[in-house]
Amino acid sequence: MIERIKKMEELFDSAQQAVEQMATALDRYAASQEYIATLIKYYEGDEWKEDYAEDEAGRLPANLKRGILSEDGIWNLMVDIKELNDNLISLAKSIGKSRTKKQE
């Protein structure tokens, strides 16, 4: 019985930590949606193309950080966001199904 309680306490502590970390991460992700939308709008609009052309022509300062102008940078971020959103939906459905089965 003592060992079982110790084991359950470990599981409880781990679960509590995971929930707290997930809540923090979800809050940060939710807060990032506005600037993610701004990045996507920039990438899909004319400004990114203009900035990219200026970079390709060598008219931007050499010391300017410009990972945003890589052809794959924002695209890869958009793919990662879609995959993350799909995983969140799948996880939520899976958790919902397991909770429903346990309640029956």
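How many helices and strands are there in the protein? The predicted model contains three helices and zero strands.

**Figure 1. Overall fold of the protein in the predicted model.** Read from the N terminus, the elements run α-α-α. The C-alpha trace spans about 70 × 30 × 20 Å along its principal axes. The radius of gyration of the protein is 22 Å, whereas a compact globule of 104 residues would have a value near 13 Å. Of the 104 residues, 12% count as buried. Among contacts between residues at least 6 apart in sequence, 54% join residues at least 24 apart.

**Figure 2. Surface and charges of the protein.** The protein exposes about 8900 Å², and carbon and sulfur atoms supply 56% of this area. Its side chains include 15 positive and 21 negative ones. The centres of these two sets lie 10 Å apart.

**Figure 3. Buried and exposed residues of helix H2, residues 46-56.** Trp48, Tyr52 and Asp55 are buried in H2. These three residues cover an arc of only 60° around the axis, which puts them on the same side of the helix. The spacing follows a general rule: an α-helix has 3.6 residues a turn, so residues three or four places apart point the same way. On the other side of H2, Asp46 and Glu47 are exposed.

Figure 4. Arginine 59 counts as exposed because its relative accessibility is 56%, and the cut-off for exposed is over 50%. Lysine 6 is 53 residues from arginine 59 along the chain, and the C-alpha atoms of the two residues are separated by 64 Å.

**Figure 5. Asparagine 85 in helix H3.** Alanine 18 is 67 residues from asparagine 85 along the chain. The C-alpha atoms of asparagine 85 and alanine 18 are separated by 19 Å.

Methods: Residues numbered from 1 in each chain as written. Predicted model: local features only at pLDDT ≥ 70, side-chain atom pairs only at ≥ 80, totals over all residues. Heavy atoms only, no water. Buried < 20%, exposed > 50% of the residue type's maximum accessible area, 1.4 Å probe, protein only. Helix = DSSP H or I, 4+ residues; strand = E, 2+ residues; numbered from the N terminus. Arc of directions from axis to C-beta. Rg over C-alpha atoms; globule rule 2.2 N^0.38 Å. Contact = heavy atoms within 4.5 Å. Areas by Shrake-Rupley, 256 points an atom, 1.4 Å probe, with all protein chains shown as cover. Lys, Arg positive; Asp, Glu negative; His and termini not counted. Charge placed at Lys NZ, Arg CZ, Asp CG, Glu CD.
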